[in-house]
Amino acid sequence: MTQHFSLADCDAIGFDLDHTLCRYNLSESSRLIYNSFAQYLVTEKGYDKELLTVPPETWDFCCKGLALDLEEGNFIKLAADGTVLRASHGTRMMTSEELMGIFGKKKWKHFTDSLMASRTAKYYFFDNYFDLPGALLCARIVDFLSRKSNLETFDFWKDILASIHHNYKLTAFKENSGMYFPEVKSDPGKYLLICPESVKKWLYQLKSAGKVLFIMTNSHSDYCRLLCEYVIGNEFTDVFDIVISNALKPGFFSHQPNKRPFRTLENDVEQDDLPSLDKPGWYSQGNSDHLYELLKKMTGKEQPKVVYFGDSMHSDIFPACHYSNWETVLILEELSEDEGMAPERNESEPLEKKGKYEGQQKKPLNSSSKEWGSFFVDGNLGLENTEGSVFTWFCKRIHNYSSIVIPSLEDIADLPLDYKFTRFSLTSKTIGYYPKPPLALLSNGELLTTK
């Protein structure tokens, strides 16, 4: 593989929608996601009403890359070799002595080389901004259940899944059910950030350069349309040749040889299965093999080069790279924290209309957690005489499966299309990040190891 990566060399360019093409006002969207789940659990499942009140400081718990042991209620931060760097029971952080006593120097019991490829009934990884409010909610549930019954094992995950289904089921947008969709529909400007003009211009430049542009999102078609029309404008269908909604990633890439068929849409309702894709358009579900066959036809090339932009390692970057051998660009807003560039805008109600805690500042979701430390590196808190820091498991996966990492599309929109990005390499810990590496990697210098 060449050292450099350029969009000019790509024939087809795909984009995830949420937190990639469409960016959110994270302070508002995270609160809405949390409340939509918590409200359901309290009213429908009988959980403690205290869940509905979130002190601002508790948001510091949110950190990408944590694993939740669903039975034990422990949150785990892993090193690249699978050993435990930090852990908490619910929101209570474990001491170094507890870490050594519970986990020692051994790999986490659920750790395998295929960890990124699977999600099971035993654990869950939180890797995107839709996930993180759920991590806080789960941790607080563990706190309440532990205080109430001194439980050693937990069985609340089925209720979390029920709350997700209630708010995000296929018909929720049309029925105006749940809390999430009605809120976004009634006030999209509170939650969504308008696509910068530089990004819109860049998309048209890609189109004019003969690139096939497509959107592939797990969002359903009705919500996808709302997002695209508000964030990009009604002309978004002129820019993108193909739109794939309800893609059911990562299965879109990995369910082989049982390929899930594409389906046509009529009034946002899925219709007939398609044996193959014959032309551009708006489709639902599907699989990467049939999409690639269409891209061959559209580009006139036997092996068109595809790049996919996304924000989730689990759903976007890992499967697109591992199963389809696409180039991948990870959108990681945590990079912008070093620059103070995070687009946190809050133009909601006046303070007198807010609840007990709502007027107070909470940690932005894309900033480092004081409790969990850097998303990229950490020290071995449970080991004595540890020198330097090591890559986190999630950071190492980024290096393995991303071509490059950027804070946002806006950060590359003004570059020439033939700009040569330096891709990740086994010989360097810092290249692959654009416009520059995170400070946590630079400040650790040569002490940083992969373990």
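A: D268 is partly exposed, with a relative accessible area of 29%; partly exposed lies between buried, under 20% relative accessible area, and exposed, over 50%, with a 1.4 Å probe and protein chains only. This is a predicted model, in which local features need pLDDT of at least 70 and side-chain atom pairs count only at pLDDT 80 or more, while totals for chains, interfaces and linings use all residues. Residues are numbered from 1 along each chain as its sequence is written, and side-chain values use heavy atoms, leaving out hydrogens and water.

D268 sits in the loop between β12 (262-266) and β13 (269-274). Helices (H or I, at least four residues) and strands (E, at least two) are DSSP runs numbered from the N terminus. Although D268 is not a glycine, its phi is positive, at about 65 degrees.

H19 also has a positive phi without being glycine, near 65 degrees. H19 belongs to the loop between β2 (12-15) and β3 (23-24). H19 is buried, with a relative accessible area of 3%.

Other loops contain cis peptide bonds. One joins K249 and P250, with omega about 5 degrees, and P250 is in the loop between β11 (242-245) and α11 (251-254). Another joins Y434 and P435, with omega about 10 degrees; P435 is in the loop between β20 (421-422) and α16 (439-444).

A helix may be considered next. Helix α4 (residues 157-168) has 12 residues and spans 16 Å from its first C-alpha to its last, close to the expected 16 Å, where the expected span is 1.5 Å times one less than the number of residues. Its buried residues are W157, D159, I160, S163 and N167. Seen down the axis of α4, these fall within an arc of 160 degrees, so they line one face of the helix; the arc is that of the directions from the helix axis to the C-beta atoms. Among the elements covering the buried residues of α4 are α1 (26-45), β4 (66-69) and α3 (132-149), contact meaning heavy atoms within 4.5 Å.

For the chain as a whole, there are 16 helices and 20 strands. Buried residues make up 57% of its 451 residues. Of the contacts with a separation of 6 or more, 72% are between residues 24 or more positions apart.
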